Every structure is written in C-alpha cells, then in structure tokens.
Amino acid sequence: MKYDMIEVTQEGAVKTIRLDRPKALNALCTPMMKEIAHALSTAQDDSSIGCVILTGSEKAFAAGADIKEMQDNNYISIYKSDDFANYHDAPSRFRKPLIAAVSGYALGGGCELAMMCDFIIASETAKFGQPEINLAVMPGIGGTQRLTRAIGKSKAMDMCLTGRMMDADEAERAGLVSRVVPQDELMPTALDAASKIAAQSQPIAMMTKETLNAAFEMPLAQGLKFERRLFQSMFTTEDQKEGMSAFVEKRTPHFKNK
Ligand code: CAA
C-alpha cells in the first residue's frame, strides 16, 4: 500500500510511523487512520519488527480527529460507518509494544491516539488536551475512559469539562507520560527505548503488554491469576531457558522468539 499521509521508516527491529499531514496539524482523518492501521498490521505480521514508534511533527503529534471531515455527519451516518471503532481505535488492538513520541499538540483524538500506545514519551513542548467540549461534543475515541484511568477522575474531569491543555511537566506529574525530554532528544530517546524492547523476546514482550493491559479490564484476583498463568507458560519457551542461562553464565542472551 502506498502511503500519502504517513511516513514509515525502519531502523533495525524498530518501525517508526510518522504522521505527515502538516497542513492540518496531523488531524486524524479516516484515510490517515486506515494507513496507520495498515502499517501496524504489516508490522504485526513482520517477525523482524519488535517495537513500533508512533510520532508526529515538532508542532503537532495530532490536533484531533478531523473536524472538517466530521462536521456534516448525522447520527445514522456516523453510527453506520463506525470509523472510530474500525480505524481510529485500531492502534489499541496492536499486539506488539507501541510507543508514542509526542511533540507539540496532542489534542482530542491526538491525545486519545497517544493513550492507545503502551507508553508516551513527551518532548518539553508537548501539550495534551481533550478540547472537544468547545465543539459541543465530547471525546469519542476513548478519552473519557483512558484519560480517567491514566490520571484519575478529578484531573480527567477538569480536562474534559474545561477543555484546557496540560503541558508536558503536568502530564508527567499526572502519570499520563512516562518521561519528558528536550525536543531534540525525543526521537533518540524513543528509538533507544524501542530498540531495548525490540531486543527482548518478542512473545514475552507481547505477553507482558497483554498482562499489563488486563489490569484495566479485570478484578485484582482474576488479574493476578492471569499474570501467574502467563508467567508459568513462559517456562515452556526456549527464550526463558536462554535468558536465565545467559544470566547465570554472565553473557548476553540471544533470543529466538520461540
Ligand atoms: N481537524 C481539522 N483541521 C484541523 C484540526 C482538526 N482537529 N486542527 C487544526 N486543523 C487545521 C486548521 O483548520 C488549519 O487549517 P487551515 O489552514 O486550512 O485553516 C490548520 O490545521 C492549522 O491550524 P490553526 O491555524 O488553527 O493553527 P494554530 O497554530 O493557530 O492552532 C491549535 C493550533 C490550537 C491546535 C488549533 O488548530 C486547534 O484548536 N485545533 C483543534 C483542536 C481540537 O479541537 N481538537 C479536537 C478535535 S475533535 C476530536 O478529536 C473528537 C474525538 O475525540 C474523536
């Protein structure tokens, strides 16, 4: 598939998907979301890829769902197409580790897209927000749910009801982002983190991600049991034998993703 709105590059076992619709500040139109979904599905099937980075430009990770594309919708048209479920939410179904590297605006659907990733590394210029209320709608790609789980009720209500933006430092204090770095260190930091992840056993990294995500879906006792069962299942893998042998033998492990 030829991409018009994203740019896909690969360094070692890391694929980077860069949103590239500068005139619209990377507004998330459906054709762009279809391209992202396709690039992710290709990365899922490509055994040489161990981690993916989703990023935007210096000015905008993404300024939201595309308001111009949405404005003339009516309930039946938007209900029938269900694009948010089919395409915009697709990154949340990606099974390998996915990092958001955010610079500039991550607003509305842009903030929601970043939250679909496993963790967010932000530059000092990043600004997060759910300003949909200014348009007389509310977040529609997970913002009311994922933001509340990420930063708690009080701050999530504040963000969604006032529509204000949160800078990178506040986002880090609130637990929305894992680290804040200077602008010019954003991609090197994201690539370094992604390369470390990609050097691990792929199935083990995938199961780790799956188990952490289960914490948002399951009661504690069920989540702990799920964790224990997957932990136990890891002892059937060649990579567990290699990882532990390498530690004991004081050498670097070589994982086969088996
Ligand atoms: N959709 C469509 N186009 C957008 C857009 C969006 N979300 N955000 C920006 N653009 C377009 C602007 O219309 C403008 O296009 P033109 O040059 O053709 O007029 C271009 O991008 C540049 O934008 P600005 O001139 O506004 O740039 P700025 O630097 O003055 O302001 C901004 C930047 C504060 C981010 C401002 O663009 C803005 O407020 N954007 C909208 C943010 C927003 O409301 N996001 C939520 C969208 S709704 C949503 O996401 C729903 C959901 O949960 C699913």
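Helices in these legends are DSSP runs of H or I that span at least four residues, and they are numbered from the N terminus. The model shown in every view is a predicted one.

View 1. K196 counts as exposed, with a relative accessibility of 54%, whereas D192, at 39%, counts as partly exposed. Helix 9 also holds P188, a partly exposed residue with a relative accessible area of 48%. Between P188 and A63 there are 125 residues in sequence, and their C-alpha atoms lie 23 Å apart in space.

**View 2. A salt bridge links K256 to E238.** The side chains of these two residues meet with an N to O distance of 3.7 Å. E238 lies in helix 12 (238-248) and K256 in the segment after that helix, so the pair ties together parts of the chain that are 18 residues apart in sequence. K256 is exposed, with a relative accessible area of 55%, while E238 is partly exposed, with a value of 41%.

**View 3. K155, D158, R164 and E170 belong to one salt-bridge network.** These four residues are joined through salt bridges that share partners. One of the contacts brings the side chains of R164 and E170 together at 2.7 Å, N to O. R164 is partly exposed, with a relative accessible area of 28%, but E170, at 11%, is buried, because the cut-off for a buried residue is under 20% relative accessible area. A search of the whole structure finds 12 salt bridges.

View 4. The axes of helix 5 (residues 109-116) and helix 6 (residues 143-151) come within 10 Å, and the angle at which they cross is roughly 55 degrees. The crossing of the two helices is left-handed.

**View 5. Y75, I76, I78 and Y79 form a nonpolar patch on the surface.** Taken together, the four residues of this patch have about 470 Å² of accessible area. Y75 is located in helix 3, which covers residues 75-81. With a relative accessible area of 60%, Y75 is exposed, because the exposed class takes in values over 50%.

**View 6. N26 has a positive phi although it is not a glycine.** The phi of N26 is about 60 degrees, and the residue sits in the loop that runs between strand 2 (14-19) and helix 1 (30-45). N26 counts as buried, with a relative accessibility of 1%.

**View 7. N257 likewise has a positive phi in a residue other than glycine.** For N257 the phi value is near 60 degrees, and the residue is found in the segment after helix 12. N257 is partly exposed, with a relative accessible area of 34%.

Note on methods:
Residues are numbered from 1 along each chain as its sequence is written. This is a predicted model: local features need pLDDT of at least 70, side-chain atom pairs count only at pLDDT 80 or more; totals for chains, interfaces and linings use all residues. Side-chain values use heavy atoms; hydrogens and water are left out. Patches are made of residues with over 30% relative accessible area and no salt bridge: like charges are joined within 9 Å, nonpolar side chains (Val, Leu, Ile, Met, Phe, Trp, Tyr) within 5 Å. Accessible areas come from the Shrake-Rupley method with a 1.4 Å probe; for residues, only the protein chains shown count as cover. Buried means under 20% relative accessible area, exposed over 50%, partly exposed in between (1.4 Å probe, protein chains only). Axes are lines fitted to C-alpha atoms, for helices over the stretch in contact, and angles run from 0 to 180 degrees between N-to-C directions. A crossing is left-handed if the near helix is turned anticlockwise from the far one by less than a right angle, and right-handed if clockwise.
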